Amino acid sequence: MLSAGHYYKLRVNRISDFGLYLSDDEENEVLLPNRYVSLENKVGDELDVFVYCDSEDRLVATTDRPLATVGEAACLKVVDKTIHGAFLDWGLKAKDLFLPNRNMQGRVKAGRSYVVFLYNDNVTGRVVATMLLNGFVNNQELTLCPREEVDILVASQNEIGYRVILNNRHWGMLYRNQLFRPVQIGDRLKGYVSRITEDNRVDVALQQQGYDEVKKSAARLVELLQGQGGTLPLWDASAPDEVARLTGMSKKVFKRSAGLLMKQGRITMQEGRISLVDEE
């Protein structure tokens with residue numbers, strides 16, 4: 001069965017005045033309206049589409065790509081409010097995403113963005129949003145392990161750092177004193193699991209630990225140098241804040257990365273600056 005909020009590869013089954021009727025292997029049909037149809041489309045073609053419900057709760061296909069699908073969290077902007085709830089921009093020109101009043105947490109204002117989770121309404125089948133994240137994001141049964149790379153969505157902040165959603169499934173913590181670049185609520189980042197406690201709390205970092213971290217940071221340092229004409233005003237004695245501002249790295253990672261590049265003969269370091277070595 002086709003359901004709203006998912007991507008499908010569907011076959012063009014027939015052509016009508018309203019668009020193309022696409023079907024799956026079980027002959028379930030959905031309309032792809034004319035505005036998404038190419039003159040080259042013909043019966044038998046396979047198309048990648050996203051399926052959602054229109055205003056009359058009928059399934060409709062689109063070639064647009066939303067900012068999030070069912071089972072995912074996202075930070076979306078409120079474009080309108082009614083007595084029944086709010087409507088969010090989720091990247092579809094023809095349809096905004098509904099956030100019912102019952103799914104709100106605190107006051108919601110038009111023009112502001114909020115972190116929500118997308119799911120299918122049991123009654124209508126429509127995709128709806130909720131700010132009540134704990135119903136969908138939890139750490140009861142973790143599917144993570146230390147050092148694993150994870151997708152991060154920054155959900156909220158407190159005095160020690162940022163509470164983040166990992167892989168759309170679990171909660172994690174990104175500590176403020178381990179950040180060396182600006183982070184904001186709604187940011188999507190790549191990170192790494194640094195620690196899992198006995199009670200299933202997960203700490204994450206934006207940089208890998210150990211030698212892998214040094215290799216990646218060294219490559220990043222080369223890119224920064226190339227973008228600045230081959231020189232940066234940094235060296236061993238530079239202040240940690242200055243290193244973080246110019247490179248997004250901790251002082252420790254910068255020194256280890258620079259040390260690796262010097263050992264490879266790719267940079268030189270003099271008082272007040274590091275420079276790329278010209279490669280012939």
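The legends below describe close-up views of a predicted model. Residues are numbered from 1 along each chain as its sequence is written, and side-chain values use heavy atoms, with hydrogens and water left out. Because the model is predicted, local features need pLDDT of at least 70 and side-chain atom pairs count only at pLDDT 80 or more, while totals for chains, interfaces and linings use all residues.

**View 1. A patch of positive charge on the surface includes Arg 112.** Lys 81, Arg 107, Lys 109 and Arg 112 gather in this patch, a patch being made of residues with over 30% relative accessible area and no salt bridge, in which like charges are joined within 9 Å. A salt bridge is a side-chain nitrogen of Lys or Arg within 4 Å of a carboxyl oxygen of Asp or Glu. Arg 112 is placed in the loop between strand S8 (97-100) and strand S9 (113-120), where strands are DSSP runs of E with at least two residues and helices are runs of H or I with at least four, numbered from the N terminus. Arg 112 counts as partly exposed because its relative accessibility is 47%, and this class lies between buried, under 20% relative accessible area, and exposed, over 50% (1.4 Å probe, protein chains only).

**View 2. Ser 250 is buried in a loop between two helices.** The loop that holds Ser 250 runs between helix H2 (240-247) and helix H3 (251-263), and Ser 250 counts as buried because its relative accessible area is 11%. Leaving aside neighbours within four places in sequence, Ser 250 is in contact with Phe 180 and Val 243, contact meaning heavy atoms within 4.5 Å. Ser 250 and Ile 267 are 17 residues apart in sequence, and their C-alpha atoms are 19 Å apart in space.

View 3. For Arg 188 and Ile 152, a separation of 36 residues in sequence goes with a C-alpha to C-alpha distance of 5.6 Å.

**View 4. Asp 57 has a positive phi.** Phi of Asp 57, a residue other than glycine, is near 60°. Asp 57 is found in the loop between strand S4 (46-53) and strand S5 (59-62), and counts as partly exposed because its relative accessibility is 34%.

**View 5. Asn 168 has a positive phi although it is not a glycine.** The phi of Asn 168 is about 65°, and the loop in which Asn 168 lies is between strand S12 (161-166) and strand S13 (170-175). With a relative accessibility of 22%, Asn 168 counts as partly exposed.

Note on methods. Patches are made of residues with over 30% relative accessible area and no salt bridge: like charges are joined within 9 Å, nonpolar side chains (Val, Leu, Ile, Met, Phe, Trp, Tyr) within 5 Å. Accessible areas come from the Shrake-Rupley method with a 1.4 Å probe; for residues, only the protein chains shown count as cover. Lys and Arg count as positive and Asp and Glu as negative; His and the chain ends are not counted. The place of a charge is taken as NZ of Lys, CZ of Arg, CG of Asp or CD of Glu.
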